[in-house]
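Let's take a quick tour of a protein model together. Have the sequence and the 3D view open, and look up each residue as it comes along.

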Amino acid sequence: MTKKVPYLDLKKEILQKIKKNGGWVNAHAHLDRAFTITPEKFKLVNNKRHEKWMLNADIRKSSTVSQIHDRMAQALELLIAQGVSATVTFVDVTPDVKDKAIKAAQKVRDEYRSQITIKYISLPIYGVLKKENREWFDIGADFADIIGGTVKTDAPYEAEHIDIMLDKAKAQKKIVHLHVDELNIPEEHETELLAKKTIEHGMEGKVVGIHGISINTYPKRRREEVYRLMEKAKMIMVACPMSWIDGWRSEVLTPTHNSVTPADEMTKYGIPVAFGIDNLYDIFKPMNDGNMWNDLRLLMEANRWFDIDEIVKVATINGRKALGIV
């Protein structure tokens, strides 16, 4: 029999510490759209992300409350089986899905309340500036635990989008989660804008950015300026490594980087970084199986970041901070 060679088993050590610190926290997902990849949809997986937002419209229109419930329940059971103690998920609340996802989400939370903490964020995927979209945003915000959106859905009026989000959050005494800087291009400056708006609205410590991929494309001095601004705004950033490692190739010259949130640099500036699985078996990520370890490992590997204590915080306490449960 071959004698086993002793070695430092980092995975075992990290998993033990995560369990000791209350279990995994999944800080970002879209569980109402989980398990929606089909042979027909698979043909569209290489479309641009902004196109996929609209390609999901037929799912929103055709899905029943029962179908949305079953997708969310299946995803939750996948997370629970891994030892996830808390999760947050966006749910679409738009003129085409109306309140179907809300009804499904309410039922799911009642059923799984004893097994996992669930926080909801309503998602106005078509923006909030047009009247009909705004009406459903207001309905979704009343239901949600957290106010949420995607800044570029109202481009080129990103500032107005953020103002509406932060005003609503202040009025309802809720925190905010906003998708920012997703396209891995230096022209995006949504995280910087969000930080400035957070300070302008007096919402320090109550705003969470999601992704922040394009920050990687800035020169070092520029990145550091953004980090200092985020630190001043007391922002949290959520990384979704498996969902963003597939960033498109580009001929634009930028610093050499991976298309993964620069968590190692942010942490040095006191910015808490959490992480989440994002999309699960859908048109955005047809092969994403929701494995929490895979996402955490990729965050470490892509950033060459092996500070174990900080990594455990990413998977546990920072996630709870992002969900507003600490």
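Here is a short briefing on some aromatic rings, a surface patch and a few backbone details. Keep in mind that this is a predicted model. Searching the whole structure turns up four aromatic pairs, and two of them are described below.

**Aromatic pairs**

- A pair of aromatic rings is described by two things, the distance of the centres and the angle of the planes.
- Start with Trp24 and Phe275: their ring centres are 6.0 Å apart and their planes meet at 65 degrees, so this pair is edge-to-face, because the angle is over 60 degrees.
- This pair ties together distant parts of the chain, with Trp24 in strand β1 (residues 24-26) and Phe275 in strand β8 (residues 273-275), 251 residues apart.
- Both Trp24 and Phe275 are buried.
- Next come Tyr227 and Tyr269, with ring centres 5.5 Å apart and planes at 45 degrees, so this pair counts as tilted.
- Tyr227 has a relative accessible area of 1%, so it is buried, as the cut-off is under 20%.

**A charge over a ring**

- Check out Arg222: its charged end sits over the ring of Tyr218, 5.1 Å from the ring's centre.

- Leu8, Leu10 and Phe306 make a nonpolar surface patch of about 290 Å².
- You'll find Phe306 in the loop between α13 (292-303) and α14 (308-315).
- The relative accessibility of Phe306 is 44%, so Phe306 counts as partly exposed.

**Backbone details in loops**

- The peptide bond going from Ala155 to Pro156 is cis, and its omega is near 10 degrees.
- Pro156 itself lies in the loop between β4 (146-150) and α8 (158-172).
- Lys98 isn't a glycine, yet its phi is positive, near 55 degrees.
- Look for Lys98 in the loop between β2 (84-92) and α6 (100-112); with 41% relative accessibility, Lys98 counts as partly exposed.
- Tyr281 isn't a glycine either, and it has a positive phi of about 50 degrees.
- Tyr281 is in the loop between β8 and α13, and its relative accessibility of 27% makes it partly exposed.

Definitions and conventions:
Residues numbered from 1 in each chain as written. Predicted model: local features only at pLDDT ≥ 70, side-chain atom pairs only at ≥ 80, totals over all residues. Heavy atoms only, no water. Phe/Tyr/Trp six-rings, centres within 6.5 Å; stacked < 30°, edge-to-face > 60°. Helix = DSSP H or I, 4+ residues; strand = E, 2+ residues; numbered from the N terminus. Buried < 20%, exposed > 50% of the residue type's maximum accessible area, 1.4 Å probe, protein only. Lys NZ or Arg CZ within 6 Å of the ring centre and 35° of its normal. Patch = residues over 30% accessible without salt bridge, like charges linked within 9 Å, V, L, I, M, F, W, Y side chains within 5 Å. Areas by Shrake-Rupley, 256 points an atom, 1.4 Å probe, with all protein chains shown as cover. Salt bridge = Lys/Arg side-chain N within 4 Å of Asp/Glu carboxyl O.
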